Amino acid sequence: MEISSDNMDVPVSVEMDGDLDLDAAVIVALGCNDKGAWRDCREALEAALARFRSEGIDVLLRSSWWRSRAWPDPDDPPFLNGVVIVRTAHDPHALMAALGRIEEAFGRRRDARNAPRTLDLDLIAYGRLSGDLDGLILPHPRAADRKFVMGPLAEIAPTWEHPGGGRAADLAHAAPIGRDAAPAR
């Protein structure tokens with residue numbers, strides 16, 4: 001699969017001046033269902049966001065936190081999720097490495113697939129990049145099917161267009177996974 005973008009020679013970035021260019025949006029999803037050393041998952045996620053800046057990631061917009069049953073095993077602790085739109089000078093691979101360092105600092109272990117996690121950071125989209133970028137698939141291949149990703153994204157950017165088609169608000173409404181996801185109170 002080839003990478004496509006409207007203009008590969010221009011760095012993909014989100015500008016704070018004027019309107020937010022959703023075609024250039026760099027979107028990161030956050031999740032937690034194991035509080036680890038923190039009082040609760042909300043505190044862990046807030047601390048993770050505070051760590052972004054030290055990794056060269058500026059948060060421009062953020063959703064509220066959303067709660068949902070764990071997926072695929074609803075017997076696991078429930079998740080708290082959110083989405084942020086960020087600005088960074090990192091290319092997609094460097095951004096993934098930075099997100100991995102943050103996860104590691106928060107005690108993320110990858111012993112078993114879909115096991116409870118102290119912190120889960122996923123790169124959902126990097127501008128209009130689409131395809132396999134040396135093993136990094138963009139946009140995130142399962143994000144559009146997950147209400148706990150599309151719901152928070154629709155909250156802050158309902159008109160964001162998925163590179164594969166569909167607006168965030170419509171994708172959130174149609175997402176088959178995590179149908180119970182809703183803003184946490």
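User: In this predicted model, how much of helix α3 is buried?

Analyst: Burial is judged residue by residue, and the cut-off is under 20% relative accessible area. In α3, nine of the ten residues fall in that class, so the helix is largely enclosed by the rest of the structure. The buried ones are Lys147, Phe148, Val149, Met150, Gly151, Pro152, Leu153, Ala154 and Ile156.

User: What is Lys147 in contact with, beyond its neighbours within four places in sequence?

Analyst: Its contacts are Trp66, Pro152, Ala172, Ala175, Ile177, Gly178, Arg179 and Ala181. Take Ala172: in sequence, 25 residues separate Ala172 from Lys147, while their C-alpha atoms are 5.1 Å apart.

User: Where is His140, and is His140 buried or exposed?

Analyst: His140 sits in the loop between β7 (136-138) and α3. Its relative accessible area is 10%, so His140 is buried. Leaving out residues up to four places away in sequence, His140 touches Asp122, Leu123, Ile124 and Arg146.

User: How do the axes of α1 and α2 cross?

Analyst: Two values describe a helix pair: the approach of the axes and the angle between them. For α1 (residues 41-52) and α2 (residues 92-105), the axes come within 11 Å and cross at roughly 140°. Angles over 145 degrees would count as roughly antiparallel; this pair is therefore oblique. The crossing of α1 past α2 is right-handed.

User: Which residues meet where α1 and α2 touch?

Analyst: From α1 there are Ala48, Arg51 and Phe52, and from α2 Leu99, Ile102 and Ala105. By class, the contact has five nonpolar residues, one charged residue and no polar ones.

User: How many disulfides does a search of the whole structure find?

Analyst: A disulfide is a covalent bond between the sulfur atoms of two cysteines. Here the search finds zero.

User: Are Cys32 and Cys41 buried or exposed?

Analyst: Cys32 has 0% relative accessibility and so counts as buried. Cys41, at 13%, also counts as buried.

Definitions and conventions
Residues are numbered from 1 along each chain as its sequence is written. This is a predicted model: local features need pLDDT of at least 70, side-chain atom pairs count only at pLDDT 80 or more; totals for chains, interfaces and linings use all residues. Side-chain values use heavy atoms; hydrogens and water are left out. Axes are lines fitted to C-alpha atoms, for helices over the stretch in contact, and angles run from 0 to 180 degrees between N-to-C directions. Helices (H or I, at least four residues) and strands (E, at least two) are DSSP runs, numbered from the N terminus. Angles under 35 degrees count as roughly parallel, over 145 as roughly antiparallel, 65 to 115 as roughly perpendicular and the rest as oblique. A crossing is left-handed if the near helix is turned anticlockwise from the far one by less than a right angle, and right-handed if clockwise. Contact means heavy atoms within 4.5 Å. Ala, Val, Leu, Ile, Met, Phe, Trp, Tyr, Cys and Pro count as nonpolar, Asp, Glu, Lys and Arg as charged, and the others, Gly among them, as polar. A disulfide is a pair of cysteine sulfur atoms within 2.5 Å. Buried means under 20% relative accessible area, exposed over 50%, partly exposed in between (1.4 Å probe, protein chains only).
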